[in-house]
Amino acid sequence: MSYKNIIVLLVLALIVSPLIAQRFDVEKFSDPAKYKWNSPKVQLQSRLDLQQRQKLLQVYEMNKFSYRSKIIKSALVPGWTHFSAGKYAKGQIILGLEVALFVSSFYYYDQAMNYNDKYKNSNYIGDLEYYYEKTKVPWRNSQLFFGLGLMVWVYNLYDTFLVIDEYNTELWQKIYIDYHNKKLSVTPSGITYRF
Amino acid sequence: MKKIILLISLVIFLGSCALDRSNPLDPVANNIEVPNEVIGINISHSSSNEIEITWASQEDANGYYIYRCLSIDGAYVRIDNDQLNSGAFENFTDTQIIAGNWYYYKMSAYRWVGDKRLEGWRSGPKTW
């Protein structure tokens, strides 16, 4: 396509475009009724409400449980998030179970390793058989308690997600309800009292 | 529900795992033939300071262990003697005894496995 043709097409496009373009309706765009702001007073009230919601959101953001930090803490100390959320009974059960299961697992593991060392150092066929058989039961118990401990640990992480969700939901509701029930509020912009 | 089944399976799997038979002398893991129990043991009090022990020698043994104790179910102590380091031997004279005491003996055969000795089943206590 030559330059001439391109120029002719551009000129035609410029001539035709005002004919097919839609007229910009300034009144429609800035219609206050669109947001139900029927008066400047209502508009001001809406703005204040929006600002207040932003403040509430800031309070919520500061106090809410962070998934990442709570999951890490609960992974290291099972039941941590439950204690933080005030669910002491559940936290105690989870922590108690974890401690009991892992301590039991370690106790049996230690016993099994003790017998296993004797088995490894044996050169008498009677001792070999005796200590290998003696290793079996504590080793199985150790694995069993470890597996159960692992189950409780995984459940603890799963339940931590639920607790965080529940806590954050309740926190937002509490902040919102507290704000609406509060008659007197002190803000940097002044003191407000609602009748 | 699938997760619970998976976790329970994991617990059962972990519980069913046994420790390895890691001792190089373990006949089950290493397919080693265990020396037979020593048979034909005969003990005679030849003099007041000597006790003679005889047994049927074993071709596949590299030596023998003899244990001694003053009571039948006490702690048996092994007699350390180079004379016992051959499978071909079939008698031993114990001279380290005190006249007037009653002694009990146990015996077993051993075989070299690498640089270690695998001791076979010990005999029951024997006396004269």
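Visitor: What share of the contacts in chain A with a separation of 6 or more comes from residues 24 or more positions apart?

Guide: Here we're reading how far along the sequence the contacting residues sit. In this predicted model, residues 24 or more positions apart account for 62% of those contacts in chain A.

Visitor: Which pattern does chain A follow along the sequence?

Guide: Go through the elements in order: chain A runs α-α-α-α-α-α-α-β-β. That's seven helices and two strands.

Visitor: And how much of chain A is buried?

Guide: Look at residues, then at surface. Buried residues make up 25% of the 195 residues in chain A. Chain A exposes about 14400 Å², with carbon and sulfur atoms supplying 63% of it.

Visitor: On to the interface. What area is buried between chain A and chain B?

Guide: Check the area, then who supplies it. About 2200 Å² is buried between the two chains, and carbon and sulfur atoms give 65% of that. Tyr124(A), Ile125(A) and Tyr132(A) stand out: together they supply 28% of the area that chain A buries against chain B, more than any other three residues. The contact itself takes 24 residues from chain A and 24 residues from chain B.

Visitor: How many salt bridges and polar contacts link the chains?

Guide: Take them separately. The salt bridge count between chain A and chain B is zero, while nine residue pairs are in polar contact across the interface.

Visitor: Which helix of chain A gives the most to the side that touches chain B?

Guide: Helix 6 (88–120) and helix 7 (125–181) each supply at least two residues of that side, but helix 7 gives the most, with 16 residues. By class, the side of chain A that touches chain B has 13 nonpolar, eight polar and three charged residues.

Conventions: Residues are numbered from 1 along each chain as its sequence is written. Chains are lettered from A and ligands numbered from 1 in the order in which they are written. This is a predicted model: local features need pLDDT of at least 70, side-chain atom pairs count only at pLDDT 80 or more; totals for chains, interfaces and linings use all residues. Side-chain values use heavy atoms; hydrogens and water are left out. Contact means heavy atoms within 4.5 Å. Buried area is the accessible area (1.4 Å probe) that two parts lose on being put together, summed over both. A salt bridge is a side-chain nitrogen of Lys or Arg within 4 Å of a carboxyl oxygen of Asp or Glu. A polar contact is a pair of N or O atoms within 3.5 Å; within protein, one must be able to donate a hydrogen and the other to accept it, and residues adjacent in sequence count only if both atoms are side-chain atoms. Helices (H or I, at least four residues) and strands (E, at least two) are DSSP runs, numbered from the N terminus. Ala, Val, Leu, Ile, Met, Phe, Trp, Tyr, Cys and Pro count as nonpolar, Asp, Glu, Lys and Arg as charged, and the others, Gly among them, as polar. Buried means under 20% relative accessible area, exposed over 50%, partly exposed in between (1.4 Å probe, protein chains only). Accessible areas come from the Shrake-Rupley method with a 1.4 Å probe; for residues, only the protein chains shown count as cover.
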